[in-house]
Every structure is written in C-alpha cells, then in structure tokens.
Amino acid sequence: MAALKVFIVAAEASGDRLGADLIKALRSRSEEISFAGIGGKRMAEERVDSPFDISELSVLGIIEGLKAYPHVVKRVREATAAIQRFDPDVVVLIDSWGFTLRVAQALRKIGSRARLIKYIGPQVWASRPGRAKTLAKTVDHLLCIYDIETQYYAPYGLPCTVVGNPVANAPIHHGDGDAFRRAHNIAFGTPLLLVLFGSRPAEVERLGPTFLETVKRLRSVIPDLRMMTFAADTVSGRVKQLMTNLPDALVLTDEAQKQNVFAAATVALACSGSVTTELALQGAPIVVGYRVGAITAFLIRRFLFKGRFVTLLNIAADDEIVPEFLQEDCRPEALTPVLQKLLTDKVARDVQLGKQNAALQAMGRGKPSAASIAADVILQQSLTR
C-alpha cells in the first residue's frame, strides 16, 4: 500500500495549533505519512508550509465577512488547487466553518477522491442547527468536542467521534510563573494583570481601547499593578502599536514562554476564545470581554445564537463562573470593579479557580488527547478510501 497522504486545512491561529498537534500525533504512529496543508507558524514548524498567509482569513463579523467574501473565494480556489496537486487520501478541515465548508464543497464538486474529515464542527447546539444537515452532505466524518453534538447529526447519518476539548485534554505543560516573575523583576505579591486582545485584527481594534482604559482605571486604584500582554503572530504588530499607550507594560510574543506568562498572571482579562481554556489550565482567574459590530450583534442575537454563554468554561459548567462582558456590557466601568476584586481578593480568586477547575474536568482534562483520538480516526478513515 502506498504511503498515506494527509492534507490539513487550518484557517486561523487556533486551528493552526490543532493542526500541528495532529501532525505530531500522526507521525508518532507512522513516519510513512506525508503531509501538506494550509496553516500558520505552528504547522510550518512541523514542516508543513502554507501557500498563503492565513491571517488574511481571520475575519470577524457578518458585515466584515461580506466585504472580505471575494478574497475568501479566491483563497478557496487556491486551497482547492493545492489539494488537487497533492492528491491526498484524507483532507482534514479544522474549525473555521465558512472557509472550510467552501473548500469541502469545492472538493466534492470536482470529484476529489479524498475522505473529508471535519475536525471541530459548528456550535449547532447553540445556533443554526440546520448547519448539521449541510455538514452531513459535505464531509465523511466529524470529530466533535461534546457528546451533545452527535444527536444533531444522527438524523442525517454523519458518523461522529467525540474527541473532547482539544485544549482541555491536551498534554499539559505547567508554566513556571515564579521563574517568569523573577526574570522580569516582578515580586511574587505584586498584582500582575494579563490582557489578551484576541488573535484577529478586528478583535484587537474593537477591544483594544476598552481594555486599555480599563487598565488605566485599575492603576488608579491599585498603584502597584503591573500589566502584560501576549500577542499571537496574526496580530503581534497591531498589539505592539497599541501598547505604545502603556510603555511600561510587557509585550510578549515568544510562543515558548506562553505558558509561563499565563501561569504568572494574577488575573487575565481576555478576548473570548479557546485561550480562556489555556488560561484556566495554568491557574489564572479569567474575566472575558467581547464585541462585534452593531449589525452583526443584532443578527446574532435575533436569528443565530441561542446559547446562554460564549465561554467554553461557562458552557461546560452551565453557569457564569467566568464573568462575561459582551457588546454594550464590555466597557471600562463594568470591567474595572470585577477585575479589581479579583486582583485584590485572594479568596475571590480561589473560589473562581475552584469552579474553573471543575469545568475543566467536565471538558475532559486528564482524558486521552483530542489529537490522539483524531489521529486514530484519520488512520481508520484512510482504510476506507
């Protein structure tokens, strides 16, 4: 039998990390597998280079999506052509619903022989359950996070494998927060606020001014407060420019130091996303802020999103254990008192950390990694091609 050929499509930074972990898991099973793909820095470190910069695809909001549509269509054509040239046995489409769906549909249209596997499906339990039918028509197998998802796909006959939360059940590297503080001359008892603006340019632009004003207000009531931020590759330039407003803040971009940064934080103010799970794993109490455009927000609330929470920890706990400040609630005067309490009250921090840890258990911490389970499914699927 010829060596297995796997093409991985990851259109955002979070998907790039999942793609890199998946490549490692597959290589641990066989050195005979050949890879190609679309991704970012993490996949490139695994010797899988992308034909274009995926940061161009990090579009936030419905209106922004419409404006970017011609460019997205162009990249879909380029992705499809790259897949055709590689002629893979399996194509893994990671998250990024709009882009990966279009790639899958294009592959179906041209009659690609590859088995199509979706790695993380849309949140059909929270919004637009009709996407389950669309996905079932398009891919051969779904690797999903939660048990609850499978019931949405069963009527359409799409095989599903529950892999758990890829961040919560990944092998944990516990960061050394004390070493980070020593390296940056930050005393152990000094309150240290980590601010994460997001991995998409639009997130930095929308949340940046609000988060910075919140930091300024906190400094007026906590004089010894230190502040730091960690920036993804996709937005590092924008974040560095933004942080010129706080010249004494630490701006960090080294992926190798990321877990130490998270572990050193007294509290984190974070853009909503998978990073909240990473923070919880490093023992950081979290406050979440998020904002999209007004029209996008109206459409989401009116027609699309029916869930109670946006943070995965809260969804797992079915309770707002991580304070969420969304849209008009995401403002400095609302964020400041909540962050002030967590930064100055150890009991409050310990209570929230206890709840975050319980949510992590519910999300699969300590179970086999999602990458490991996904790798086994991909190898099984390759036998049916």
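Which residues does Y119 touch, not counting residues up to four places away in sequence? Here are my notes, starting there.

1. Y119 touches L18, L22, V92, L93, I94, D95, L143, V163, P166, A370, A371 and A374, leaving out residues up to four places away in sequence. Touching, or contact, means heavy atoms within 4.5 Å. Before you go on: this is a predicted model, where local features need pLDDT of at least 70 and side-chain atom pairs count only at pLDDT 80 or more, while totals for chains, interfaces and linings use all residues. Residues are numbered from 1 along each chain as its sequence is written, and side-chain values use heavy atoms, with hydrogens and water left out.

2. Y119 also turns up in the largest nonpolar core, which has 61 residues; Y119 and M228 have the most contacts inside it. A second, separate core of 34 residues includes F197, A231, V239 and L339. A nonpolar core here is a set of buried Ala, Val, Leu, Ile, Met, Phe, Trp, Tyr and Cys residues joined through side-chain atoms within 4.5 Å. Buried means under 20% relative accessible area, exposed over 50%, and partly exposed in between (1.4 Å probe, protein chains only). In soluble globular proteins, nonpolar side chains tend to be buried together.

3. Now the sheet. Six strands form an open, parallel sheet, in the order β2-β1-β3-β4-β5-β6. At the edges sit β2 (34-38) and β6 (160-162), each pairing on one side only. From one strand to the next, the twist averages 20°. Helices (H or I, at least four residues) and strands (E, at least two) are DSSP runs, numbered from the N terminus, and two strands pair if DSSP finds at least two bridges between them.

4. Strand β1 (residues 5-10) is joined to β2 by five bridges, running parallel, and V6 stands opposite F35 in β2. β1 also pairs with β3 in the parallel sense, over five bridges; there, I8 has V92 as its bridge partner.

5. How many residues of β3 are buried? Five of the five, so β3 is largely enclosed by the rest of the structure. V90, V92 and I94 are buried on one side, and V91 and L93 on the other. In a regular strand the side chains alternate between the two faces of the sheet. Five bridges join β3 to β4, again parallel, with V91 partnered by L116.

6. β3, α4 and β4 make a right-handed β-α-β unit: with the strands pointing away from the viewer, the path from the first strand over the helix to the second runs clockwise. Helix α4 (residues 97-109) has 13 residues and spans 18 Å from first C-alpha to last, close to the 18 Å expected, taking 1.5 Å times one less than its number of residues. Its buried residues are W97, F99, T100, L101, V103, A104 and L107. After α4 comes G111, with a positive phi near 75°.

7. Helix α1 (residues 13-29) lies across β1, β2, β3 (90-94) and β4 (115-119), at about 160° to β1. Axes are lines fitted to C-alpha atoms, for helices over the stretch in contact, and angles run from 0 to 180 degrees between N-to-C directions.

8. Finally, is E46 buried or exposed? E46, in the loop between α2 (41-45) and α3 (62-86), is buried, with a relative accessible area of 14%. Beyond its neighbours within four places in sequence, E46 is in contact with A20, I23, K24 and R27.
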